[in-house]
Amino acid sequence: MVWLLLVLGGCFEVGFTTCLRFVDGFRNLPWTLAFLASVAVSMVLLEVASRSIPMGTAYAVWGGIGAVGTVIVGLLWFHEPATTVRLLLILAIVAAITGLRATA
């Protein structure tokens, strides 16, 4: 259950990084509120997960999910380049997250 909360926290990290694209210097109120809510939920879930999972592992998994998810959002919605090297590096992050989960 705690791993599910950590994954969910990583998903909210993707939410707040995506919102950053639209906050316009924090002048766009709806996106700014979505950013703040996503940050709050993400941090709370990371904190809850780190009570049971070693902090370094929890943070690495949370950050990795956020990084991979943000890259995927960039590829799909913002048409960022999907080069072979970039995709291989994303797979390396996924492999590292999987390895951390397997050894925790």
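Ile-90 lies in helix H4, residues 84-103. Helices here are DSSP runs (H or I, at least four residues), numbered from the N terminus. The model is a predicted one: local features need pLDDT of at least 70, side-chain atom pairs count only at pLDDT 80 or more, and totals for chains, interfaces and linings use all residues. Residues are numbered from 1 along each chain as its sequence is written, and side-chain values use heavy atoms, with hydrogens and water left out.

Ile-90 is buried, with a relative accessible area of 12%. Buried means under 20% relative accessible area, exposed means over 50%, and partly exposed falls in between (1.4 Å probe, protein chains only). Setting aside neighbours within four places in sequence, Ile-90 is in contact with Val-68, Val-71 and Leu-75. Contact means heavy atoms within 4.5 Å. The C-alpha atoms of Ile-90 and Gly-69 are separated by 9.6 Å, though these residues are 21 apart along the chain.

Next comes the core. A nonpolar core is a set of buried Ala, Val, Leu, Ile, Met, Phe, Trp, Tyr and Cys residues joined through side-chain atoms within 4.5 Å. The largest one has 14 residues, and Leu-6, Ile-53 and Val-61 touch the most other members. Helices H1 (2-20), H2 (29-49) and H3 (55-77) each supply at least two residues of this core.

Which residues does Leu-6 contact, leaving aside its neighbours within four places in sequence? They are Leu-46, Ala-49, Ile-53, Ala-58, Val-61, Trp-62 and Ile-65. Ala-49 touches Val-2 as well as Leu-6, not counting residues up to four places away in sequence.

Helix H2 holds Ala-49, Thr-32 and Leu-33. Their accessibility values are these:

| Residue | Relative accessible area | Class |
|---|---|---|
| Ala-49 | 0% | buried |
| Thr-32 | 8% | buried |
| Leu-33 | 48% | partly exposed |

Thr-32 touches Val-23, Phe-26 and Arg-27, not counting residues up to four places away in sequence.

Helix H3 has 23 residues. From its first C-alpha to its last, H3 reaches 32 Å, close to the 33 Å expected at 1.5 Å a residue. That expected span is 1.5 Å times one less than the number of residues. His-79 follows H3, and its phi is positive, near 55 degrees.
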